[in-house]
Amino acid sequence: MRSSGSTTSPDHHTLAVIGSGFAGIGAAIGLAPLHEGSLVIFERAATLGGVWRDNDYPGAACDVQSLLYSFSFAPSHLWRHTYARQAEIREYLDRVAREHGLLPRLRTECPVTSLTWDASTARWTLETPRGTSTADHVVLATGSLADPALPAIDGIDSFEGPMFHSSQWNHHMDFTGKRVAVVGTGASAIQFVPRIQPLVESLTVFQRTAPWVMPRKDKPISSRTRTLLKSVPGYQQAGRAAIYLQRELKLLAFRHPALMKIGEREGRAHLAHAVADPVLRRKLTPDYRMGCKRILISDEYYPALAQPNVSVETSGVASVTPTGVVDSNGIAHEVDAIIFGTGFDTSRLPLTDSVFDEHGRSMAETWGDSPRAYLGTTVAGFPNLYLMHGPNIALGHTSVILMFESQIAYIEKAMRHAMAAGGSIEPTASAQAEYAADIDDLTDGTVWTSGGCSSWYLDPAGRNSNLWPGSILGYRRRAQRFETNRHTVRASAVAR
């Protein structure tokens, strides 16, 4: 059982936000009328930015067009590419945070180590290396792609050369003339592999499952277009709407997997155009339905793999030695450096094992193997706590920023109800269970469960607890239609 903080905490806030990526910044801005400046943003790193701060590897860029991968309330005419590069997105987040006055509220290098609910005061106690804080409401915006996933490989600690995850890129390393192993072929690897391939002596790519890779069709945004985005009323909104509709139409194929055959034909043609070697082409041809795993986009990945200094190994990694990697066939590959493009730990939302209810039970313990949250945002038993990018908020076809904005609209209504009562709000257990059942029904028959692959979308229990399996409009309707009877509102026992 964890002790709670005093009701007279010298560091008390109406709202505490944990994390300063898109979700945290969006929540701090969207909920401004409610916290009225009584706000603190905790960030464990030295600067804001979330995944767009951490993932600064060569070639890092977004897979959603710039106009849509941005806040609707903060359009930008400064995008330089159809698909924004990491530096562009980082600049955008810095600018939005600065323009909305968030920087004085940001506490960097201040990780929250635990959160405990005190039912008597209807407040959360947050422990940090700098001391204790309390808050009436907490937004947990740590994101689901915050903690790198490193595979459990025998001997991994014995390697004597540089070894790092793509989200912890070693910018001091000179790749010139080096022999490099890349483990993993996900969204990060297909971006950095083409950047380092021309530099290295040899590149050995260890691929467990071939991804579906589609053409990127990226291009610079001209100065004329940027002028139109800035000066012509409605021009940017129209472009954003067109991209949104185009991507929403793609959802039909995810929900009706037979339609994915159309995309698969394009994917195979893309591969055939770039890779002439039939042996390599077979290695790179997926054996599952498109969309079952994340669909990747790149015009450079296949051509890079076809270069003479690159080899693709599909037998798997058995162990790591001081001087290299041994594959599952027992063949040793001597290398100078190892890079892991193995994604992130998505089995649970970061920090949920340190979020405790009034009885001292953690959220992770409550969830077990299958996280559940009402609207992917609130959890029964954890009042006044709101998860950004919680269970079933991720998307496979469009911009997750659209989901964040819908979540914020729901949080705003929930906070107003709690404030009116002078206490707390949480979803009922039955509402949470019904919502989870809705998710299961929506997921049934989709490509994510019937596509013939194993993906991070499904949790250890075999449920889809990561993706929202419906349309953006469908989620937005649910989030905006606040149903009081699906929530429990309690007045605080302590006068405010």
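The legends below describe close-up views of a predicted model.

Residues are numbered from 1 along each chain as its sequence is written, and side-chain values use heavy atoms, with hydrogens and water left out. Local features need pLDDT of at least 70 and side-chain atom pairs count only at pLDDT 80 or more, whereas totals for chains, interfaces and linings use all residues.

**View 1. Packing of helix 12 (residues 400–421) with helix 15 (residues 472–480).** Helices (H or I, at least four residues) and strands (E, at least two) are DSSP runs, numbered from the N terminus. The axes lie 8 Å apart at an angle of about 10 degrees; axes are lines fitted to C-alpha atoms, for helices over the stretch in contact, and angles run from 0 to 180 degrees between N-to-C directions. Helix 12 is therefore roughly parallel to helix 15 (angles under 35 degrees). Contact means heavy atoms within 4.5 Å. On helix 12, Leu402, Met403, Glu405, Ser406, Gln407, Tyr410 and Lys413 meet Ile472, Tyr475, Arg476, Ala479 and Gln480 of helix 15.

**View 2. The buried residues of helix 15.** Ile472, Gly474, Tyr475 and Ala479 are buried (under 20% relative accessible area, with exposed over 50% and partly exposed in between; 1.4 Å probe, protein chains only). They cover an arc of only 165 degrees around the axis, which puts them on the same side of helix 15; the arc is that of the directions from the helix axis to the C-beta atoms. Their cover includes helix 7 (235–255), helix 12 and helix 13 (429–443).

**View 3. Leucine 351, a non-glycine residue with positive phi.** Its phi is about 85 degrees. Leucine 351 belongs to the loop between strand 16 (337–340) and strand 17 (355–356), and counts as buried at 14% relative accessibility.

**View 4. Asparagine 392, which is not a glycine and has a positive phi.** Here phi is about 60 degrees. The loop that holds asparagine 392 runs between strand 18 (385–387) and helix 12. With a relative accessible area of 4%, asparagine 392 is buried.

**View 5. Alanine 306 in the loop between helix 10 (301–305) and strand 12 (310–313).** Alanine 306 counts as partly exposed, at 37% relative accessibility. Not counting residues up to four places away in sequence, alanine 306 touches Ala274, Val275 and Leu280. From alanine 306 to leucine 351 the separation is 45 residues in sequence and 42 Å in space, C-alpha to C-alpha.

Note on methods. Parallel < 35°, antiparallel > 145°, perpendicular 65-115°, else oblique.
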